[in-house]
Amino acid sequence: MIKKQILSYTVFLVSLCLAGCFYRPNAQRSSLVTPTESNLIVVGYAQVGAESDWRVANTQSFKSTFTEENGFELIFIDAQQKPENQIKALRNFIQQEVDYIVLAPIVESGWDSVLKEVKEAGIPLILSDRMVNVEDDSLYVSWVGGNFVKEGEDSVEWLHNYLKEIGRDKEIINIVEMQGTLGSTAEIGRTEGIEKKIAEYPNFRLLEKQTGDFVQSMGQEVMEGFLKKYDDIDVLIAQNDNMAFGAIDAIEAAGLVPGKDIIIISIDAVKAALEEIVAGRINASIECNPLHGPRVAEIIRKLEAGEPVEKKIYVNEEIFDIKNAAERLPTREY
Ligand code: GYE
């Protein structure tokens, strides 16, 4: 009798262990699937956040490209604009033994040690959108994104041409600048391009620059501050559309007409910005294309095939104003 009890207890223990050892709840599947368990290529993407229309379109581009039907499993992490969250995400990706890591770094600095860990783990890392400032560029395989310096330069060139067209090119022009997240490649490049070009035109004065962190509500706050401080602002250059949307609210609340009393130029050219151009509240938007999903997938395809990839890939971008916005709106993807 006792023997029988011991036997059934042992069977119970063994079955408990079996269940415990092999049970993998569905909810954790994404973190447990490894390339040996399926044929899917596992890609971890450490995204910046959801701070702007541009970012939402970028996330959508990755989610619709890196699907199971296309042969991928995507592990998507929204870092909520906190660099420490991205570092944590990268370390988790290493533990999960993903096949590739895609990183859109929030800021350029602070990457040397974690990217070294990624390299030591033998995981190819692709940078998308923004850059890292590291001593050893073998820490990443490839980068794809916009030419931020050029976008900044184009915004001021557009202004110069527009002022000529409306006969104001001999006037002193007071400009305020709204920067993106300080220390991000998009901010660093755009600030450089904008200020280099402003310096080329003796009648352009930069009254002040301030960051609005690429966020609409902060754009509104920063503009309110500018309007309290200066009563002679001619132009706002906002380093993204969403901050310009916030600024429009502030300008209207101050009893001024956006696009007329204050010329507004922004960067990104998302669909809502094209609508604002048609409505006359934004004068121009310099495109920054967010659809990097297929571009990164193409880099991975080449790496899988053992083909060489370019270290830096710049995306072509356009300029939108009243001359082309209406005609392009119906087919605008984002
Ligand atoms: O312009 C802005 C987003 O890094 C290019 O980030 C990107 C920028 C984009 O928040 O809207």
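**Exercise 1. Decide whether K229 is buried or exposed, then find its side-chain partner.**

Step 1: K229 has a relative accessible area of 56%. The cut-off for exposed is over 50%, so K229 counts as exposed. Keep in mind that we're working on a predicted model here.

Step 2: K229 belongs to helix α8, which covers residues 216–229.

Step 3: Look for the partner. The side chain of K229 makes a polar contact of 2.8 Å with the side chain of E208.

**Exercise 2. Work out where the ligand sits and which side chains reach its oxygen atoms.**

Step 1: Start with the site. The ligand sits in the largest cavity.

Step 2: List the neighbours. The shell has 13 residues, and the closest are E51, D129, R130, R190 and D268. Helices α3 (53–65) and α7 (185–200) each supply at least two residues of that shell.

Step 3: Go through the polar distances. From a polar side-chain atom of D268 to an oxygen atom of the ligand it's 2.6 Å. For D129, a polar side-chain atom is 2.8 Å from a ligand oxygen. In N240, a side-chain N or O atom lies 2.9 Å from an oxygen atom of the ligand.

Step 4: Finish with the area. On its own the ligand exposes 300 Å², and the protein buries 100% of that.

**Exercise 3. Check the span of helix α6, list its buried residues and see what follows the helix.**

Step 1: α6 runs over residues 148–165, which is 18 residues. From first C-alpha to last, α6 reaches 26 Å, close to the 26 Å expected at 1.5 Å a residue.

Step 2: Buried positions in α6 are F148, E151, G152, E153, D154, S155, V156, W158, L159, H160 and L163. For reading such a list, remember that residues three or four places apart in an α-helix point the same way, because there are 3.6 residues a turn.

Step 3: After α6 comes G167, with a positive phi near 70°.

Definitions and conventions. Residues are numbered from 1 along each chain as its sequence is written. This is a predicted model: local features need pLDDT of at least 70, side-chain atom pairs count only at pLDDT 80 or more; totals for chains, interfaces and linings use all residues. Side-chain values use heavy atoms; hydrogens and water are left out. Helices (H or I, at least four residues) and strands (E, at least two) are DSSP runs, numbered from the N terminus. The expected span of a helix is 1.5 Å times one less than its number of residues. Buried means under 20% relative accessible area, exposed over 50%, partly exposed in between (1.4 Å probe, protein chains only). A residue is near a molecule or strand if one of its heavy atoms lies within 4 Å of it. A polar contact is a pair of N or O atoms within 3.5 Å; within protein, one must be able to donate a hydrogen and the other to accept it, and residues adjacent in sequence count only if both atoms are side-chain atoms. Accessible areas come from the Shrake-Rupley method with a 1.4 Å probe; for residues, only the protein chains shown count as cover. On a 1 Å grid over the protein atoms alone, a cavity is a set of points where a 1.4 Å probe fits but cannot get out, and a pocket is an open set with protein on both sides within 12 Å along at least five of seven lines; lining residues have an atom within 4 Å of a point. A molecule sits in a cavity or pocket if more than half of its atoms lie within 2 Å of its grid points.
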